[in-house]
Amino acid sequence: MAKMMLEIQRRGLNQYQHLEHFPVTIGRALDNDVILSDRTVSPHHLRLEQDDKGRVFIHNLAVENGTRLNDHPLGQQPVQAPIPSQLVLGDRRLRLVTVDTPVENTYVSHCRSLFTPLCKPFWAVALLLLAVGGMFANNYLDIALQKDALFYFSGLLPSLLWILFWTLTISGITRLITHRWEFTPALSVVSLFSLVPLVLQVAGEGLDYFLTSDKPTAWLMGGVGDFLLLPVLVYAYLHWVLNQRHLPAVGFALVLSALPLGLRAISLLDQVTVESEFSSEPYYNQTLSSLNLHANPALPLADYLKKATEALPSQVEE
């Protein structure tokens with residue numbers, strides 16, 4: 001006869017209790033064999049009995065919130081419970097198992113694969129310094145007038161607070177899931193999220209210059225920076241830090257990224273709509289390059305005057 005155990009499911013860490021002597025009473029009252037301090041559980045909620053053949057029967061004693069066995073509500077008559085069985089007492093979830101029930105794979109408490117360096121404090125701090133340096137340089141180049149150094153550092157404070165807020169938020173979520181603080185990889189993820197757009201912007205501006213087009217920046221910043229960067233980093237964190245499987249990690253990454261990506265898509269649609277309307281500001285391109293091989297040759301003066309005369313004969317003097 002297999003030994004029975006009761007799994008009291010909690011957030012992250014479950015509790016287990018051996019069921020050695022039957023009957024076993026479960027409830028909120030202190031005279032029960034298993035005490036559940038949940039106000040949705042009745043003082044005497046459930047009784048478990050076992051016959052000579054090892055079969056377990058469940059007697060529902062609750063009238064307030066009731067009991068569900070494998071998603072089926074129980075009445076007042078005893079019901080045989082298959083092993084394993086899922087029990088719901090009010091808002092509390094339990095599981096009836098045997099001692100030989102297989103357990104999940106052991107959690108690997110360190111980062112894996114490509115994310116391994118990012119779980120080390122040295123690389124997390126290095127990424128943070130690179131991100132802060134990039135934001136400082138970006139603010140410096142955007143200001144046409146000469147300012148004091150304190151002016152540029154004060155402009156970094158909102159970004160530093162943003163990095164701190166999201167690092168603590170990700171670490172807190174990890175704490176709820178794994179009961180551990182993962183501050184270092186969270187800092188690496190947030191620093192990468194701040195640094196990569198700056199790198200894409202520099203790369204896009206360089207490609208704009210050599211290709212005489214602003215499309216590379218639009219594709220890099222819009223396609224990669226706005227739509228791919230966030231779900232990729234969330235997936236990497238879930239899979240390589242929290243050791244989630246591929247499909248669940250992809251699903252969680254898409255769900256967590258859905259709101260910001262949706263807002264960004266709406267913003268881009270608004271920009272496209274505005275660009276198609278009349279604007280008092282003329283469109284011009286400042287990315288002309290001497291290396292632009294597809295640029296048309298300069299028009300000779302005589303040909304220009306001829307075309308101008310044909311286009312506006314009354315405005316050109318002979």
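This is a predicted model: local features need pLDDT of at least 70, side-chain atom pairs count only at pLDDT 80 or more; totals for chains, interfaces and linings use all residues.

Begin by selecting T67, which stands opposite L89 in strand 10. Strands here are DSSP runs (E, at least two residues) and helices are DSSP runs too (H or I, at least four residues), both numbered from the N terminus. Residues are numbered from 1 along each chain as its sequence is written, and side-chain values use heavy atoms, with hydrogens and water left out.

**The sheet**

Two strands count as paired if DSSP finds at least two bridges between them. Next, display the open sheet of 6 strands, whose order is 2-1-11-10-7-8 with antiparallel pairing. Which strands stand at the edges? They are strand 2 (15-19) and strand 8 (72-73); each has a single partner strand, so one side of each is left without a neighbour in the sheet.

**M5 in strand 1**

Now select M5, which is found in strand 1 (residues 4-8). Is M5 buried or exposed? M5 is buried, with a relative accessible area of 14%; buried means under 20% relative accessible area, exposed over 50%, and partly exposed in between (1.4 Å probe, protein chains only). Show the residues around M5: leaving aside neighbours within four places in sequence, M5 is in contact (heavy atoms within 4.5 Å) with Y16, Q17, H18, L19, R95, L96, V97 and V99.

**Aromatic pairs**

Turn to the aromatic rings. A search of the whole structure finds 5 aromatic pairs. Rings of Phe, Tyr and Trp (its six-membered ring) pair if their centres lie within 6.5 Å; planes under 30 degrees apart count as stacked, over 60 as edge-to-face and the rest as tilted. Select W162 and F193, a stacked pair at 5.8 Å centre to centre with 20 degrees between the planes. This pair links distant parts of the chain, with W162 in helix 2 (residues 149-178) and F193 in helix 3 (residues 183-211), 31 residues apart. W162 is partly exposed at 34% relative accessibility, and F193 is partly exposed at 26%.

Then select F165 and W166, an edge-to-face pair at 5.2 Å centre to centre with 75 degrees between the planes. F165 is partly exposed, with a relative accessible area of 49%, and W166 is partly exposed at 36%.

**A nonpolar patch**

Switch to a surface display and colour L161, L164, L168 and F183, which form a nonpolar patch with about 390 Å² of accessible area together. Patches are made of residues with over 30% relative accessible area and no salt bridge, like charges being joined within 9 Å and nonpolar side chains (Val, Leu, Ile, Met, Phe, Trp, Tyr) within 5 Å; a salt bridge is a side-chain nitrogen of Lys or Arg within 4 Å of a carboxyl oxygen of Asp or Glu. Accessible areas come from the Shrake-Rupley method with a 1.4 Å probe, and for residues only the protein chains shown count as cover. Helix 2 supplies the largest share of the patch, 3 residues. F183 lies in helix 3 and is partly exposed at 40% relative accessibility.

**The whole protein**

Finally, select everything. The secondary structure comes to 6 helices and 11 strands, and 31% of the 318 residues count as buried.
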